[in-house]
Amino acid sequence: MTGPAPAAHPLRVAIAGGGPGGLYTAVLLKRLDPARQITVYERNAPDDTFGFGVVLSDETLGGIEDADPAVHEALREHFVRWDDIDIVHRGTRHTSGGHGFAALGRRRLLQILHERCRALGVDLRFRTPAPHPDRLAATHDLVVAADGVHSAVRAAHADAFRPHLTPHRCRYLWLAADLAFDAFRFEIAETEHGVMQLHGYPYAPDASTVIVEMREEVWRAAGFDTADIGASVERCAQIFATALGGRPLRSNASTWTTFRTVVNAHWSYGNTVLLGDAAHTAHFSIGSGTKLAVEDALALAAALTEHRSLPKALAAYEAGRRPVVASTQRAARASLEWFEGLARHLDQPPRQFAFNLLTRSRRVTHDNLRLRDPGFTAAVEDEFGCPPGTPPMFTPFRLGGLTLRNRVVVSPMDMYSATDGVPGDFHLVHLGARALGGAGLVMTEMVCVSPEGRITPGCAGLYTDRQTAAWRRITDFVHTQAPGTALGVQLGHSGRKGSTKLMWEGMDEPLDTGNWPLVAASPLPYRPGSQTPAELSADGLDRIKGEFTAAARRAADAGFDLLELHCAHGYLLSGFLSPLTNLRTDAYGGTLDRRLRFPLEVCDAVREVWPADRPLTVRISATDWADGGTTGDDAVAMARAFAAHGAAAVDVSTGQVVSGERPDFGRSYQTPYADRIRHEAGVPVIAVGAISSWDDVNSLILAGRADLCALARPHLYDPHWTLHAAAEQGYDGPGVRWPEPYRAGSRPPRTGRTDAPRPRLTLGNQPL
C-alpha cells in the first residue's frame, strides 16, 4: 500500500494535535526553516488541558536547550526540582535520594509552547478538529499525527500503521493537590477492598500531581465503578488523607481510566507520520509520556534536516526512535506489571519492599542506586543480611541439604558434543572451567535418559555404565579442583523435539538420515516438516518413568550434588504440561491437574531414588508466549505442585514449547515470572533469561525477586564470569574462591595511563 507522493522537502506542514509533542514539533520545524507554513489543529481551547504536572529528564532538557535555547530558558524559569523518592508503606516512610527530577505544570508548558509558536509564525487553530487525514495528506507536504492515544489520523489508516492497543489491569485517576510534596511519593493503602496506591510529585511551589491507582477488581469492590467523579475524588482524598495533610484533591475533566500500551507496526504512511502517544505509550509510573513525545519531535526535526528525501527522513526517524521507545516501553511495562502485582510484595521486609519498588523497571539498579544513595542501599543490604562489604550475589543460599556459597548458577546449555551420549574431554574442560570460574552451582546441559530421548546425535546421556563413568570423571575434577562449587545434572527427554541436527547444522531440523522414532503427549509435530511423534501409551509412560528413575540412580552414582528435572521448553515432560501440546482425553490430559499427573509421577519416582540429602529442582516454562497456552496462574500452580512433590526450588524459564511463539524479549524478561512464583507459591526460585550483568544479579537478589540467578551466554563469553564480578566489585570473601593458581589474577589488570598531567603554573597565557 502506498500513500500520496511525498514532497522532497516539506514546506506545508499540518500537525494534528496541540499537545506538547505537536507544538514542539511545530517550533522546531519553523525554526529550522522559517519559510515553512505550519498549521497546528487542536480541537480544545488554548487553556484546556488534561492532567497537571509534566516530568522531564535532564537528557531531554539538554536536547531542548541545544535545539531551542529560548524554549529551554522559559521552561527553566518554571521548573520545580527535587532529588528524593519517598516510599510510604504500613506507616513507615523510606527515602532514597540522589535521583534528580524536574517538573512544571502542563498548562504552563503549553503556554510557553503557544507563545513560542506565535513568535515564530506558526498558525495555531484552537477549537478546530483536524480535517480528514486524506485531505491533510493531499494538501500538505507533511502531516504529523500528534493527536494522542486515540489518534484519529492513526485510525483512518489503521491498515497501514497496524496499531495494537493492549489494555491493562488497573484503573487510575489523575488529580492534583494544593500542596507541594518534597519528594516523588509512592504511598500504599491497604483497604478492606484491596490495595490502592498513590503516585505523587510536585509540579509547582504549591501544587502536586496525584495519581490514584488500583486493580480493576479493587476499584469495583470499593464502589468507584458506580460513584460519580466528585465522590471518587473526595473518597481518594480520605484514603490518602495522611499524605495530603488533610487537604482535598481536585480534578480537571478527570475520569477513571485503564492504561493502554500502544504499539504500531509502522510509524509512517506516505507523507503522514505518527508522533508521541499516537505512535507509542509508556506507563505513567516511569513518567515518560511527554518526554517521549518531545524526544520524538527532536528526532523528527533532525531526520528532516539530514535527509532531503521525505521517505528516507521518515524511515530514519523511525529507525532511530524505535529501539529507544521499545526499551522505554519494556521498562514501563515492567513497572506497570509490578504495580499490578503490588499485593504480592506487601509482606516483604520494609526496606526490601522500598528497594524492590525503586528497581521495578530495571532502569534503576543496585549499582546505580548505591551511587545515588549509598546510605539507603547499605541499610537495605544490612536488613537482607549482607555482611559488610558483601554484594548480595555473594551471600550463601541453602537449597535443601545443599548450601551454595553464592547466588550464581551456570545455566544448562546444550553443547551437542558427546559421542554415543558419552561426555568427553570437551565436557571436562567446559564444565571444569566454569566450576573454576566461581559460580555457586554449575549445571550440565540436558542429559538425556535414553538414546531415543536425545535431541541430537551429539547430546549427552545417562543410560549406560560408560556414560556414568565419564560423568564421574567430571564431578571428581570439580569437587577436587573447585571445592565449594556444586555440580548439578539436568535430566530430560526430548519428546517431539528429538532426532534433529546439531544446532549449528540446522536447529530443530530433522536428520537427513538415521532418524529415530519420537514419542510425546500427543501426536503433534513441533513445526511443519518435523517428524510426527507417537502418542505415549500406558506402557510407554511406564517405560519413560523407568528411564528417568534409572538415570537418576546413575546421576547419584556419578557424584552430582543436585538433580534438575527438565519440564520446560517443549521437551517430553513440558509437552504434558502445556494445553497447546497435550490434547489427550485420558487421565493425563485436559485440566491442569491431569496435565501435571505424568510429570509429577516422574518427579515422585526420581525423588524416591535420588539421595534425600541432595536437592531436586524442576525447570518449567512459565508461559508458552502463545495464545491458549500456559498462563501465569498455571505456572504458580505447577510450582506449588512440584514443591509438594519434593522440589527444593523451581527454575523458571519460558517458551520454546511451540514453534509459533512470540516472546517479549528484553533484559531480564523472564524474571517477573520467577518473582510471581516466589511470592505466590512460596517456593525458592531460580531466575533465568537475559540476565547479563552482576548488577542485574545483585538487583534481583536484593529485591527478593529471585533466590538464585542462572546465566548462560555470559558464561560462554567468560568462563570466569563470577570471579571477575567479584574482582570488579572489590570483593574477596567466602562467597567466591579464586583457585590458588589463579589468585595472582584476582584484581583487574592495570592499564596504561590515559590522562595527561594537569598544568600547575601559568605564566601569562602559557601553561607550564
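A polar contact of 2.8 Å joins the side chains of His-99 and Ser-96, and I would like to begin there. Please keep in mind throughout that we are looking at a predicted model.

His-99 is placed in the loop that runs between β6, residues 92-96, and β7, residues 101-105. Its side chain also makes a polar contact of 2.9 Å with the side chain of Arg-372. Is His-99 buried or exposed? With a relative accessible area of 12%, His-99 is buried, because the cut-off for that class is under 20%. Setting aside residues up to four places away in sequence, His-99 touches Asp-83, Ile-85, Leu-369 and Arg-372.

Val-143 belongs to strand β9, residues 142-145, and its relative accessibility is 0%, which counts as buried. Which residues does Val-143 touch, not counting those up to four places away in sequence? They are Ala-14, Leu-136, Ala-137, Asn-271, Thr-272 and Val-273. For a sense of scale, Val-143 and Ser-668 are 525 residues apart in sequence, and their C-alpha atoms are 38 Å apart in space.

I now move to the helices, starting with a pair. Two packed helices are described by the angle between their axes and the distance between the axes. The axes of helix α2, residues 58-67, and helix α11, residues 289-306, come within 10 Å of each other and cross at roughly 35 degrees. The crossing of α2 past α11 is left-handed. On the α2 side, the contact is made by Thr-60, Gly-63, Ile-64 and Ala-67, and on the α11 side by Lys-291, Val-294, Glu-295 and Leu-298. By class, the residues of this contact comprise four nonpolar, two polar and two charged.

The next helix is α9, residues 229-239, where Ser-232, Val-233, Cys-236 and Ala-237 are buried. How are these buried residues arranged around the axis of α9? Viewed down that axis, they fall within an arc of 135 degrees, so they line one face of the helix. Glu-234 and Gln-238, on the other side of α9, are exposed. The buried residues of α9 pack against β10 (163-177), β13 (207-215), α10 (241-244) and β14 (249-250). At the start of α9, a side-chain oxygen of Asp-228 comes to within 3.2 Å of the backbone nitrogen of Gly-230.

Helix α26, residues 721-728, presents another case. Six of its eight residues are buried, so α26 is largely enclosed by the rest of the structure. The buried residues are Trp-721, Thr-722, Leu-723, Ala-725, Ala-726 and Ala-727. What covers them? The cover includes β20 (408-410), α16 (425-436), α24 (694-703), β29 (708-711) and α25 (713-717). After α26 comes Gly-730, with a positive phi near 70 degrees.

That brings me to backbone geometry. Most residues other than glycine have a negative phi. Two residues here deserve attention on that account. His-569 is not a glycine, yet its phi is positive, about 65 degrees. His-569 sits in the loop between β25, residues 562-567, and α20, residues 572-577, and is buried at a relative accessible area of 8%. Trp-625, also not a glycine, has a positive phi of about 55 degrees. Its loop lies between β26, residues 616-621, and α22, residues 632-644. With a relative accessibility of 15%, Trp-625 counts as buried.

I will finish with Ala-568, which is in the loop between β25 and α20. At 0% relative accessibility, Ala-568 counts as buried. Which residues is Ala-568 in contact with, leaving aside its neighbours within four places in sequence? The contacts are with Ser-574, Arg-619, Ile-620 and Ser-621. Finally, Ala-568 and Gln-656 are 88 residues apart along the chain, while their C-alpha atoms are separated by 7.9 Å.

Key: Residues are numbered from 1 along each chain as its sequence is written. This is a predicted model: local features need pLDDT of at least 70, side-chain atom pairs count only at pLDDT 80 or more; totals for chains, interfaces and linings use all residues. Side-chain values use heavy atoms; hydrogens and water are left out. Axes are lines fitted to C-alpha atoms, for helices over the stretch in contact, and angles run from 0 to 180 degrees between N-to-C directions. Helices (H or I, at least four residues) and strands (E, at least two) are DSSP runs, numbered from the N terminus. A crossing is left-handed if the near helix is turned anticlockwise from the far one by less than a right angle, and right-handed if clockwise. Contact means heavy atoms within 4.5 Å. Ala, Val, Leu, Ile, Met, Phe, Trp, Tyr, Cys and Pro count as nonpolar, Asp, Glu, Lys and Arg as charged, and the others, Gly among them, as polar. Buried means under 20% relative accessible area, exposed over 50%, partly exposed in between (1.4 Å probe, protein chains only). The arc is that of the directions from the helix axis to the C-beta atoms. A polar contact is a pair of N or O atoms within 3.5 Å; within protein, one must be able to donate a hydrogen and the other to accept it, and residues adjacent in sequence count only if both atoms are side-chain atoms.
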